[in-house]
Amino acid sequence: MANTRTIQFELYKHSDPMFSTGGPSAIDELRFDTQGAELVLDCLLPHDAAVGNVIQATATHEHQRDESFSGSYTLTESDLNAGKIELILHGYGDAGMYMTQLSLTGLTGGVKNVVDAQVELEHPILDTSASESPLFKKQSSFNSIISKLKAWKSDLLMA
């Protein structure tokens with residue numbers, strides 16, 4: 001496919017010694033597409049996908065393991081008819097290569113199919129949750145009060 005964000009499961013059977021590994025399509029050109037602070041991958045479904053199966057993806061920066069993205073999606077009948085889904089991943093991280101794993105789990109939770117790939121993120125996606133957390137807001141208020149107290153102390157000592 002011409003779309004550089006498309007990943008495809010390789011079809012392996014459990015009896016195949018290489019069953020737990022797969023390969024993406026166009027691996028040397030695979031890049032995340034972004035929509036705001038979300039990463040997007042198109043996933044071509046394997047033949048053994050079924051309604052209710054879950055596609056899960058994790059992507060971890062190859063040099064900074066604390067920077068990662070993840071997402072999951074439960075397949076529907078219309079997804080199977082289309083043969084692909086758009087998978088949204090949430091998280092944060094710098095630009096660079098990400099070790100990405102896509103897995104298909106069945107209704108009983110067993111892994112049916114897995115593919116590993118290196119996928120490029122062309123620009124960073126910042127962690128906005130820290131600035132929105134109540135603790136950060138309290139710390140910001142605290143830091144603001146401390147800086148005002150220091151300024152008043154400085155003014156009093158100068159007078």
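**Terms and their grounds**

Mentor: The chain has an accessible surface of about 9,600 Å², and carbon and sulfur atoms hold 55% of that surface. Accessible areas come from the Shrake-Rupley method with a 1.4 Å probe, and for residues only the protein chains shown count as cover. The model is predicted: local features need pLDDT of at least 70 and side-chain atom pairs count only at pLDDT 80 or more, while totals for chains, interfaces and linings use all residues. Residues are numbered from 1 along each chain as its sequence is written, and side-chain values use heavy atoms, with hydrogens and water left out.

Trainee: How many helices and strands does the chain have?

Mentor: There are three helices and eight strands, in the order β-β-β-β-β-α-β-β-β-α-α along the sequence. Helices (H or I, at least four residues) and strands (E, at least two) are DSSP runs, numbered from the N terminus.

Trainee: Why is Trp-152 called exposed?

Mentor: Its relative accessibility is 54%, so Trp-152 counts as exposed. The terms are set as follows: buried means under 20% relative accessible area, exposed over 50%, and partly exposed in between (1.4 Å probe, protein chains only). Trp-152 lies in helix H3, which covers residues 134–158.

Trainee: What makes Ile-145, Leu-149 and Trp-152 a nonpolar patch?

Mentor: Patches are made of residues with over 30% relative accessible area and no salt bridge; like charges are joined within 9 Å, and nonpolar side chains (Val, Leu, Ile, Met, Phe, Trp, Tyr) within 5 Å. A salt bridge is a side-chain nitrogen of Lys or Arg within 4 Å of a carboxyl oxygen of Asp or Glu. Ile-145, Leu-149 and Trp-152 form such a patch on the surface, with about 340 Å² of accessible area together.

Trainee: Is His-61 buried or exposed, and how do you know?

Mentor: The relative accessible area of His-61 is 4%, and therefore His-61 is buried. His-61 belongs to strand E4.

Trainee: Which residues does His-61 touch, apart from those up to four places away in sequence?

Mentor: They are Glu-67, Asp-94, Ala-95, Gly-96, Met-97 and Tyr-98. Contact means heavy atoms within 4.5 Å.

Trainee: Why does Arg-65 count as exposed?

Mentor: Arg-65 counts as exposed because its relative accessibility is 59%. Arg-65 is in the loop between strand E4 (54–61) and strand E5 (68–74). Leaving aside neighbours within four places in sequence, Arg-65 is in contact with Thr-60 and Met-99.

Trainee: What makes E4 and E5 a pair?

Mentor: Two strands pair if DSSP finds at least two bridges between them. E4 and E5 have seven bridges and pair in the antiparallel sense. Thr-58 stands opposite Ser-70 in E5, and a hairpin joins E4 to E5 through six residues.

Trainee: How is E5 joined to strand E6?

Mentor: E5 runs antiparallel to strand E6 (residues 84–92), with three bridges joining them. In this pairing, Ser-68 stands opposite Tyr-92 in E6.

Trainee: How do you know that strand E3 is mostly covered?

Mentor: Six of the seven residues of E3 (residues 38–44) are buried. E3 also pairs with E6 in the antiparallel sense over six bridges, where Val-40 stands opposite Ile-88 in E6. Strand E2 (residues 33–35) runs antiparallel to E3 and is joined to E3 by three bridges. In the hairpin of E2 and E3, Gly-36 takes a positive phi near 65 degrees.

Trainee: Why is Lys-84 called partly exposed?

Mentor: The relative accessible area of Lys-84 is 38%, so Lys-84 is partly exposed. Lys-84 is found in strand E6. Not counting residues up to four places away in sequence, Lys-84 touches Cys-43, Leu-44, Leu-45 and Asp-79.

Trainee: What makes Thr-105 buried?

Mentor: Thr-105 counts as buried because its relative accessibility is 12%. Thr-105 is found in strand E7 (residues 96–105).
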